[in-house]
Amino acid sequence: TAAVKGTAGNAVTLTETGSSFTVSGATLSGGTANDGSTEAGLCDLYYPRARDSVLMAREWSFAVELYEYDTAADQAPTFGYANRFYLDAEILRVLRLDPGAADLEPEWVLYGRYIHTDESAIDVIAIRQVTDTSTYTPGFVASLAARLAADLAPTLTQNHTLAAALEQKYRIELRDAAAHDGMQGRAELKG
């Protein structure tokens with residue numbers, strides 16, 4: 001739970017419950033607040049940016065996806081590489097290219113929404129934009145609630161000390177969530 005008090009005395013409390021957040025008595029689920037208050041409107045405004053920022057902050061197991069590209073874009077790059085591939089709109093961050101059977105990741109560079117490479121087909125491992133809140137892990141939800149609180153605090157309170165404290169809370173939530181999320185989906189070492 002993260003609480004912020006607005007300048008007009010209106011309390012804004014972000015409480016994570018499953019994959020929803022409670023804001024001033026309004027339920028914010030996937031970025032839609034429903035009580036019509038200024039605070040709820042600000043949550044609607046800040047939610048997509050905060051969600052995407054937290055998604056890009058680490059390799060969340062529910063947000064990592066493999067994209068296969070086997071057809072280069074219509075137009076070849078003007079210099080440097082033989083091919084370019086246009087990324088799907090949902091990709092927020094490219095993590096790496098899967099080397100496949102090769103030992104080394106292929107050489108590549110990202111310009112805008114295009115991956116430039118000499119490869120004729122690539123497998124991209126990326127963070128995707130996830131809007132289905134039912135897939136969020138508890139650690140992600142806690143991190144997102146803390147991110148929203150840190151983002152809303154300066155606007156609602158003009159208290160930069162509180163904003164800094166909430167930013168620190170976000171970093172702690174993110175670190176803790178990263179540790180738990182990183183423990184799943186990996187092969188066990190056999191001794």
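Visitor: What makes β5, β10 and β7 an open sheet, and in what order do they lie?
Guide: The three strands line up as β5-β10-β7 with antiparallel pairing. The edge strands, β5 (64-69) and β7 (91-97), each pair on one side only. Strands here are DSSP runs of E with at least two residues, helices are runs of H or I with at least four, and both are numbered from the N terminus. This is a predicted model, where local features need pLDDT of at least 70, side-chain atom pairs count only at pLDDT 80 or more, and totals for chains, interfaces and linings use all residues. Residues are numbered from 1 along each chain as its sequence is written, and side-chain values use heavy atoms, leaving out hydrogens and water.

Visitor: How do you know that β5 pairs with β10?
Guide: Pairing takes at least two DSSP bridges between two strands. Six bridges join β5 to β10 (residues 122-128), so the pair qualifies. Y67 sits opposite V124 in β10.

Visitor: What packs on the sheet?
Guide: Helix α1 (residues 38-56) does, touching β7 and β10; contact means heavy atoms within 4.5 Å.

Visitor: Why are α2 and α3 called roughly antiparallel?
Guide: Angles run from 0 to 180 degrees between N-to-C directions, with axes fitted to C-alpha atoms, for helices over the stretch in contact. The axes of α2 (residues 138-157) and α3 (residues 160-181) come within 8 Å and cross at roughly 170°. Under 35 degrees is roughly parallel, over 145 roughly antiparallel, 65 to 115 roughly perpendicular, and the rest oblique. So α2 and α3 count as roughly antiparallel.

Visitor: Which residues make that contact?
Guide: Among them are F140 and A146 of α2, and L166 and Y170 of α3.
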